[in-house]
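Hi,

Here's the structure I promised to pass on. Have a look at it first, then read my notes below.

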Amino acid sequence: MAKRGDPSVLRFVVSFLRDHAKLTQDQFGRESRVAQTEISKYEAGLSAPSEEALRRMAKVARIDWPLVAPLRQFYSLFLTAASTGGSAGGNEPQIGRAHV
């Protein structure tokens, strides 16, 4: 069975890859050999693509496979921080405030 990840994280990865490729779901699916309906499910977080499908999507988007792991990690950490009130450590910079 193909290895799959967390749909709530991979939805953002698939959306990023498709946006980077500047393709519609149908175009991206055809070039990745994945049905458009599956691309839609991935982007909605209803299911997760197999690693093989994700590799094909990365190739279509011209993103080297070794860069996909940090992308997955970023979205995972981001979603974790967002679900805990947006703070991963309490040392976030104050945007829009002057430091005196």
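Which helices do the buried residues of H4 pack against? They pack against H1, helix H2 (25-32), helix H3 (36-44) and H5. Before you go further, keep in mind that this is a predicted model.

Some more on H4, which covers residues 51-60. Its buried residues are Ala53, Leu54, Met57, Ala58 and Val60. If you look down the axis of H4, these residues fall within an arc of 160°, so they line one face of the helix.

Now the two ends of H4. In the loop between H3 and H4 you'll find Ser50. Ser50 has a relative accessibility of 11%, and because the cut-off for buried is under 20%, Ser50 counts as buried. Its C-alpha atom is 4.9 Å from that of Arg4, although Ser50 and Arg4 are 46 residues apart along the chain. After H4 comes Arg62, which has a positive phi, near 60°.

Next, check out how H1 (residues 7-21) and H5 (residues 68-83) pack: the angle is about 130° and their axes are 9 Å apart. H1 and H5 are therefore oblique to each other, and their crossing is right-handed. On the H1 side, the residues that meet H5 are Ser8, Val9, Leu10, Phe12, Val13 and Phe16. Their partners in H5 are Val68, Leu71, Arg72, Tyr75, Ser76 and Leu79. Sorted by class, this contact has nine nonpolar, two polar and one charged residues.

Cheers

Definitions and conventions:
Residues numbered from 1 in each chain as written. Predicted model: local features only at pLDDT ≥ 70, side-chain atom pairs only at ≥ 80, totals over all residues. Heavy atoms only, no water. Axes fitted to C-alpha atoms, helices over the stretch in contact; angles between N-to-C directions. Helix = DSSP H or I, 4+ residues; strand = E, 2+ residues; numbered from the N terminus. Parallel < 35°, antiparallel > 145°, perpendicular 65-115°, else oblique. Left-handed = near helix turned anticlockwise from the far one by under 90°. Contact = heavy atoms within 4.5 Å. Nonpolar A, V, L, I, M, F, W, Y, C, P; charged D, E, K, R; others polar. Buried < 20%, exposed > 50% of the residue type's maximum accessible area, 1.4 Å probe, protein only. Arc of directions from axis to C-beta.
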